[in-house]
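Open the model in your viewer and keep the sequence panel beside it. The stops below each say what to select and what is there.

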Amino acid sequence: MTNFDTIALLGQRFRTYRKALHISQRQLHEKTGVSLFTISSFENGKGQGISVSHLLSLLNALDLGSEFLDLIPDIPAIDPEKIWNKKR
């Protein structure tokens, strides 16, 4: 999966989540300050240039911001060299 595909899928999931909460793009814009164009582009798979700041603002508005931190877990309690050598 390419970066573009991943961002497009995130946008689709975000739109589905937003609609399930009965929140309009305009309401989201008013709450976050993120432009309607950016929100629409992201949700329609054309937001490959969305900034991390805007993405976090949108996620926080739907109370999903804490989930974002799960993308990078805490450092495991094992030797970092073992992790590094696994990837070679």
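Start by selecting D63, which sits in the loop between helix 4 and helix 5. Helices here are DSSP runs of H or I with at least four residues, strands are runs of E with at least two, and both are numbered from the N terminus. D63 has a positive phi of about 60 degrees, although it is not a glycine. Most residues other than glycine have a negative phi. D63 is exposed, with a relative accessible area of 68%. Exposed means over 50% relative accessible area, buried means under 20%, and partly exposed lies in between (1.4 Å probe, protein chains only).

This is a predicted model, in which local features need pLDDT of at least 70 and side-chain atom pairs count only at pLDDT 80 or more, while totals for chains, interfaces and linings use all residues. Residues are numbered from 1 along each chain as its sequence is written, and side-chain values use heavy atoms, with hydrogens and water left out.

With a relative accessible area of 71%, H22 is exposed.

**The whole chain**

Zoom out and colour by secondary structure. The chain has six helices and zero strands, and the order of elements from the N terminus is α-α-α-α-α-α. Along its principal axes the C-alpha trace spans about 50 × 25 × 20 Å. The radius of gyration of the chain is 16 Å, whereas a compact globule of 88 residues would have a value near 12 Å. That radius is taken over C-alpha atoms, and the globule rule is 2.2 Å times the number of residues to the power 0.38.

Colouring by accessibility shows buried residues as 24% of the 88 residues in the chain. For contacts (heavy atoms within 4.5 Å), consider pairs with a separation of 6 or more: residues 24 or more positions apart account for 51% of them.

**Helix 1**

Select T16, which lies in helix 1 and is exposed at a relative accessible area of 53%. Draw a distance from the C-alpha of T16 to that of I75: the two are 32 Å apart in space and 59 residues apart in sequence.

R15 is also found in helix 1. R15 is partly exposed, with a relative accessible area of 23%. Leaving aside its neighbours within four places in sequence, R15 is in contact with E43 and N44.

**Helix 3**

What are the buried residues of helix 3? Select T38, I39, S41, F42 and E43. These buried residues pack against helix 1, helix 2 (25-32) and helix 4. S41 counts as buried at 12% relative accessibility. Beyond its neighbours within four places in sequence, S41 is in contact with K46 and G47. After helix 3 comes G45, whose phi is positive, near 75 degrees.

**The aromatic pair**

Show the rings of Phe, Tyr and Trp (its six-membered ring); two rings pair if their centres lie within 6.5 Å, and planes under 30 degrees apart count as stacked, over 60 as edge-to-face and the rest as tilted. By this rule there is one aromatic pair. F14 and F42 form the pair, which is tilted, with 5.7 Å centre to centre and 50 degrees between the planes. The pair links distant parts of the chain, with F14 in helix 1 and F42 in helix 3 (residues 36-43), 28 residues apart. F14 is buried at 4% relative accessibility, and F42 is buried at 2%.

**The largest pocket**

Last, select L10, R13, F14, Y17, F42, L55, L59, L64, E67, F68, D70 and L71, which line the largest pocket. A pocket is an open set of points on a 1 Å grid over the protein atoms alone, where a 1.4 Å probe fits, with protein on both sides within 12 Å along at least five of seven lines; lining residues have an atom within 4 Å of a point. The volume of the largest pocket is about 330 Å³, where grid points are joined across faces, edges and corners and the volume is the space filled by probe spheres set on the points.

Which helix gives the most to this lining? Helix 1 does, with four residues. Helix 1 (3-20), helix 4 (52-61) and helix 5 (65-68) each supply at least two residues. By class, the lining has nine nonpolar, no polar and three charged residues. Here Ala, Val, Leu, Ile, Met, Phe, Trp, Tyr, Cys and Pro count as nonpolar, Asp, Glu, Lys and Arg as charged, and the others, Gly among them, as polar.
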